[in-house]
Amino acid sequence: MTEPSRYRPETIEQRWQLQWEQLGLHATPEPSSDSGEPYYALSMFPYPSGSLHMGHVRNYVITDVIARAARLRGRQVLHPMGWDAFGLPAENAAIERGVDPGDWTDRNIAQMREQLKRLGLSIDWDREVATCHADYYRWTQWLFLQFLDAGLAYRKEATVNWDPIDQTVLANEQVDAEGRSWRSGAQVEKRRLRQWFLKITAYADALLDDLPSLQGWPERVRTMQANWIGRSLGAELTFTADSGAAITVFTTRPDTIYGATYVVLAPEHPLVAELTTDDCRLSVAAFCDLVARQSEQERTAEDRPKRGVPIGAWVRNPASGERIPVWIADYVLADYGTGAVMGVPAHDQRDFTFARQYELPVRRVVIPEGSDPHAYEGQAWTEGGVLIASGPFDGLSSAEAKTSIVASAEAQGWGQGRVQYRLRDWLISRQRYWGCPIPVIHCEACGVVPVPEEQLPVELPRDIPLSGKGGNPLARLESWLNVPCPRCGAPAQRETDTMDTFMCSSWYYLRYSDPHNDQRPFGRDAVDRWLPVDQYVGGIEHAILHLLYSRFFTKVLRDRGLLGFSEPFARLLTQGMVQGITYRNAHSGQYVAPAEVADPSDPRDPISGEVLEVFYEKMSKSKHNGVDPAVVIDRYGADTARMFILFKAPPEKDLEWDDADVEGQYRFLQRLWRLVDGAHGRGLRLSGPGAPPMQTLDPASFSDGEKQLRRAVHTAIAAISEDLEGELQLNTAVSELMKLSNALAAHLEGASPAVGREALATLLILLAPFAPHLAEELWQKLNGDGDGNDDDGGNGASVAAEASVHRQRWPVVDPTALVRDTIPLVIQVKGKMRGSLEVPADADAATLERLALESEVAQRWLEGQPPRRVIVVPGKLVNLVP
């Protein structure tokens, strides 16, 4: 017998990755009459930071298992990758390093591409896209013009965050909790600028109404989207000021109109300047200046006090005729609803708190049905009930009153029923350089002129000076800025705003279907063949904006006749985070790297000696708790990293990184190597590219060990097949592989060659999606002529694509293999389990009683005395009562 070979993942993984690439094993198949059904497996594409982290690894390995399993099941698979490459991080990095953002981004892409390839992902790299490359953003611009042509893109004034020192617009995430710029430290101001928007609100009903059809999405995500859209049924009611100006409010509780004791405007509301009286002008100006320095999150946070000031104006309650004061307050936003609300403190908790703080009247007009009119005084009653103090509507239920009051308002001209949405139109303008240019030209004579299609792309100029100050550098680059009007030829200027990066990521999944098309962003036949995506995998942090915008894009492009489906992603998996062991000094708030903790059983700060807090938290550089995937792969191999990341937790749950568990998976793969290598050494070979046909196996000749082995094989096929369908349970699938390997270790050596070949072939095909390199190496070892004794740890031979384990067919369950001739029967004495024995599966109660009484267990525990009573539960147990 030859000397056993060694499992060396660092060698076999590199070799198979190279061979798979040379064979084009992961190329997307072209459609043909005899091809299988298409299957589209997609991970959310990453921002090219240059460094792969464990969150990336988990996302892409999960999707890779899905893609590989689909191929083995005969599906024609599209599994692509690309880069969400525009955006502020690259621009900031370029400014800090004095380099061009494009060069920096391309270097990061190249680095991360190689990191991803080390994982053995079955990606079709020929379909790779990068949103910052002109051959991609040409079509982002083309799609923008589709929105413009459909009346869904428009400009209007909007409030933005303005850094007065750097003279630039900041995104919300660049403003800290105190309202200061993260870079300059300046107090951020609010300014009104003309901005580009997409009219997503035109699709609010469709986006909401189609959510129930997304049965392959987590309920949590559908609920988050429904809440974000926030459809509310209510009414717009008009309060008229003494000056004649009309203030329109939206309310979902028109039944409480008689309880309105004040009206609140957003500080930015255009009527504030008109209605503020001279004696209030200074206090109003000071308050508006204060609010301008607050972020939207601060203003609307539930746990922050609500502040406001009166503006001196009064309006009439349109239902009661009562004059009530007008205030401004920080919790009312100008671009949400009408920018005005009616204050009903008796029936809204926020209004109640505000009224008590500023000693405003609280008037109760709804009481619980059957309660005393004075019940619940001193607090807000926010539920429905019966109306009181509401004129002709007294005694009506809240539901009845809503209908009646709206009807009265419409008849008298002071209100109307309306549907309101929390969703607001999508602001896509960014006054930054590193983004997709908006393809319009501004002409004094012609207005806003779309760039003609044949002139696309409007390319972003490269190698321009970047400082991060003074506003958008594109506005200062006259050679790029000044162009002739495409319509009249007169001098004109390009739009200098670039697009929100969500514009680029809202359609990339469509481009993958036809990435080399230079006539359109994608062809209708190609996109309708592959889409919608069968399985989409990504983080829960994208549950609202990215997924909502992608759904919006899909519906608009459907209505433009560019594709034939309504939803982009049939199934969605939001994988959990990868958490690392984290050490923190509670006194200083400083995080300590695990490598600096001398004794993990008694963790102390290496400088102060103070006891450290220990917990698991999402891996991040700032917390020093990350694990470099390259280090793990270098030490254990990619297959071990894959198996651990899949086995440690269900895909949708958070995963706690544990080095000991990584080591455990490495040992499991070593056992698999020894198992197959031992079979190879005994001369066992696979006679072909798959297990022998079932009819060549003769069940009548099977020994008990062979029956147990085949039962384990086909139990694993059934269980792992189920784990890869519906609710993905990849962790239990790995567990089933471990059970199957244990069964082979126990019964393979005594099995016939036919049963052994079936068991080994099944094991390796089932293993292939999870540990693709090891499965390929062992498959070729059992199919090849080599002796597996090379220095590189395997036979080293090149193979044809069709001979790869990844081109085999997923095994099918043989129901007869699952049938048991015998079953375990538990024997109890005095109600306690004392042992078990194998009995015929079809034995009747009398036979089971006889076999139990004859057993060694019964003889030992009954001590030769007959039992007073025997209780038989067929198929399960016999209880002997002495």
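This report walks through the aromatic contacts in a predicted model.

## Aromatic pairs overall

Let's start with the rings. The predicted structure contains 28 aromatic pairs. To describe such a pair, one gives the distance of the ring centres and the angle of the planes.

## Trp327 and Phe354

Trp327 counts as buried because its relative accessibility is 8%, and Phe354 counts as buried because its value is 0%.

## Tyr331 joins Phe354

Phe354 also pairs with Tyr331: the arrangement is edge-to-face, with 5.5 Å centre to centre and 75 degrees between the planes. Tyr331 sits in the loop between E12 and strand E13 (340-343), while Phe354 belongs to helix H11, so this pair ties together parts 23 residues apart in sequence. Tyr331 has a relative accessible area of 6%, so it is buried, the cut-off being under 20%.

## A cluster, and charges over rings

Elsewhere, one aromatic cluster is formed by Phe147, Tyr203, Trp426, Phe502, Tyr549, Phe552 and Phe553.

The charged end of Arg68 sits over the ring of Trp20, at 5.1 Å from the ring's centre. Arg494, in turn, lies over the face of Trp480, 5.2 Å from the ring centre.

How values were computed: Residues are numbered from 1 along each chain as its sequence is written. This is a predicted model: local features need pLDDT of at least 70, side-chain atom pairs count only at pLDDT 80 or more; totals for chains, interfaces and linings use all residues. Side-chain values use heavy atoms; hydrogens and water are left out. Rings of Phe, Tyr and Trp (its six-membered ring) pair if their centres lie within 6.5 Å; planes under 30 degrees apart count as stacked, over 60 as edge-to-face and the rest as tilted. Buried means under 20% relative accessible area, exposed over 50%, partly exposed in between (1.4 Å probe, protein chains only). Helices (H or I, at least four residues) and strands (E, at least two) are DSSP runs, numbered from the N terminus. A charge sits over a ring if NZ of Lys or CZ of Arg is within 6 Å of the ring centre and within 35 degrees of the ring normal.
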